[in-house]
Amino acid sequence: MLLFEHVRKVIGRRSPLVCLAMFGLMAGQQMVNPILPPLARELGLSELHLGS
C-alpha cells in the first residue's frame, strides 16, 4: 500500500506540469502551421516535401 500511495502522490504533483507542457506544444504547433505553406512555396518545395 505504501508504494501505491507514493506513486499517486508523485503523479498528482506532476500532472499540472504535464498539462502545461502539452498546452505549450499544441500552442507552438498552432503558430507554426499557418507559416509552413507559404514558406514551402517560397523555397520551392512540393506538398510531399512539406508533409501535408
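Keep in mind that the model is predicted. The protein chain holds three helices and zero strands, and from the N terminus on its elements run α-α-α. With a radius of gyration of 20 Å, well over the 10 Å that the globule rule gives for 52 residues, the chain is more spread out than a compact globule. Here are some figures for the chain as a whole:

| Property of the protein chain | Value |
|---|---|
| Box filled by the C-alpha atoms, along the principal axes | roughly 60 × 20 × 10 Å |
| Residues that count as buried | 4% of the 52 residues |

Now for helix 1. It covers residues 2–32, and its 31 residues reach 45 Å from the first C-alpha to the last, close to the 45 Å expected at 1.5 Å a residue. Still, there's a kink of about 35 degrees at Arg 14, shortly before the proline Pro 16. Helix 1 is also hardly covered, with a count of one buried residue among its 31.

Which residues make the nonpolar surface patch? They are Met 31, Val 32, Ile 35, Leu 36, Leu 39, Leu 43 and Leu 45, and together they make about 650 Å². Helix 1 and helix 2 (36–43) each supply at least two residues of the patch, but helix 2 gives the most, with three.

What about Ile 35? This patch member sits in the loop between helix 1 and helix 2. Ile 35 counts as exposed because its relative accessibility is 54%, and the cut-off for exposed is over 50%.

How values were computed: Residues numbered from 1 in each chain as written. Predicted model: local features only at pLDDT ≥ 70, side-chain atom pairs only at ≥ 80, totals over all residues. Heavy atoms only, no water. Helix = DSSP H or I, 4+ residues; strand = E, 2+ residues; numbered from the N terminus. Expected span 1.5 Å × (residues − 1). Bend = angle between axes of the 7 residues up to and from the residue. Buried < 20%, exposed > 50% of the residue type's maximum accessible area, 1.4 Å probe, protein only. Patch = residues over 30% accessible without salt bridge, like charges linked within 9 Å, V, L, I, M, F, W, Y side chains within 5 Å. Areas by Shrake-Rupley, 256 points an atom, 1.4 Å probe, with all protein chains shown as cover. Salt bridge = Lys/Arg side-chain N within 4 Å of Asp/Glu carboxyl O. Rg over C-alpha atoms; globule rule 2.2 N^0.38 Å.
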